Amino acid sequence: MVAKQLSIFLENKSGRLTEVTEVLAKEDINLSALCIAENADFGILRGIVSDPDRAYKALKDNHFAVNVTDVVGISCPNVPGALATVLGYLSAEGVFIEYMYSFANNNVANVVIRPISLSSNPTAPLMIPHELMIPITPAVAMPPIPMWRA
């Protein structure tokens with residue numbers, strides 16, 4: 001399933017991550033997945049939230065630099081080789097992955113992927129089995145749908 005991901009620029013100083021989570025908590029917005037990439041001077045928090053539009057506005061209102069990007073959520077068994085199978089489907093479709101992160105809960109691994117290059121037909125759906133597509137924002141009750149290229 002395609003979802004909106006927030007990318008938040010964070011200065012490398014004590015308390016900045018806490019400030020982000022406090023802004024989201026104050027707005028009753030759940031942060032259900034995240035990863036942080038960093039260097040010596042700054043970091044980028046990439047996260048999936050329960051309400052991307054409200055989160056974006058709240059963070060902007062609190063002077064955070066934030067962007068919204070589309071990512072894809074895929075679920076697979078939390079066993080050796082399952083991720084290789086999922087990535088095989090994407091490779092067969094010519095998808096180039098800019099970055100990805102994952103989280104596991106018992107027997108299921110959920111993968112968040114940011115594709116940047118798709119095959120020559122951008123309007124065709126990716127041929128990923130329907131059962132692997134998941135809603136990656138748990139607060140939204142909607143059935144999994146095939147990912148369509150934007």
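**A walk through the predicted model**

Modeller: Let me start with Ala 82, which touches Cys 76 and Pro 77, leaving aside residues up to four places away in sequence; contact means heavy atoms within 4.5 Å. This is a predicted model, where local features need pLDDT of at least 70, side-chain atom pairs count only at pLDDT 80 or more, and totals for chains, interfaces and linings use all residues. Residues are numbered from 1 along each chain as its sequence is written, and side-chain values use heavy atoms, with hydrogens and water left out.

Biologist: Is Ala 82 buried or exposed?

Modeller: Ala 82 is found in helix H3 (residues 82-92); helices (H or I, at least four residues) and strands (E, at least two) are DSSP runs, numbered from the N terminus. Buried means under 20% relative accessible area, exposed over 50%, and partly exposed in between, with a 1.4 Å probe and protein chains only. Ala 82 has 9% relative accessibility, so it counts as buried.

Biologist: How do H1 and H2 lie to each other: oblique, parallel, antiparallel or perpendicular?

Modeller: Helix H1 (residues 16-26) and helix H2 (residues 52-61) pack at about 125°, with axes 10 Å apart. The axes are lines fitted to C-alpha atoms, for helices over the stretch in contact, and angles run from 0 to 180 degrees between N-to-C directions. Angles under 35 degrees count as roughly parallel, over 145 as roughly antiparallel, 65 to 115 as roughly perpendicular and the rest as oblique. H1 and H2 are therefore oblique.

Biologist: Which residues of H2 meet H1?

Modeller: On the H1 side, the contact is made by Val 20, Val 23 and Leu 24. Their counterparts in H2 are Ala 55, Ala 58 and Leu 59.

Biologist: How many bridges pair E2 with E3?

Modeller: Two strands pair if DSSP finds at least two bridges between them. A hairpin joins E2 to E3 through three residues, and Cys 35 has Arg 46 in E3 as its bridge partner. Strand E2 (residues 31-38) and E3 run in the antiparallel sense, and their bridges number seven.

Biologist: Lastly, in what order do the elements run from the N terminus on?

Modeller: The secondary structure comes to three helices and six strands. From the N terminus on, their order is β-α-β-β-α-β-α-β-β.
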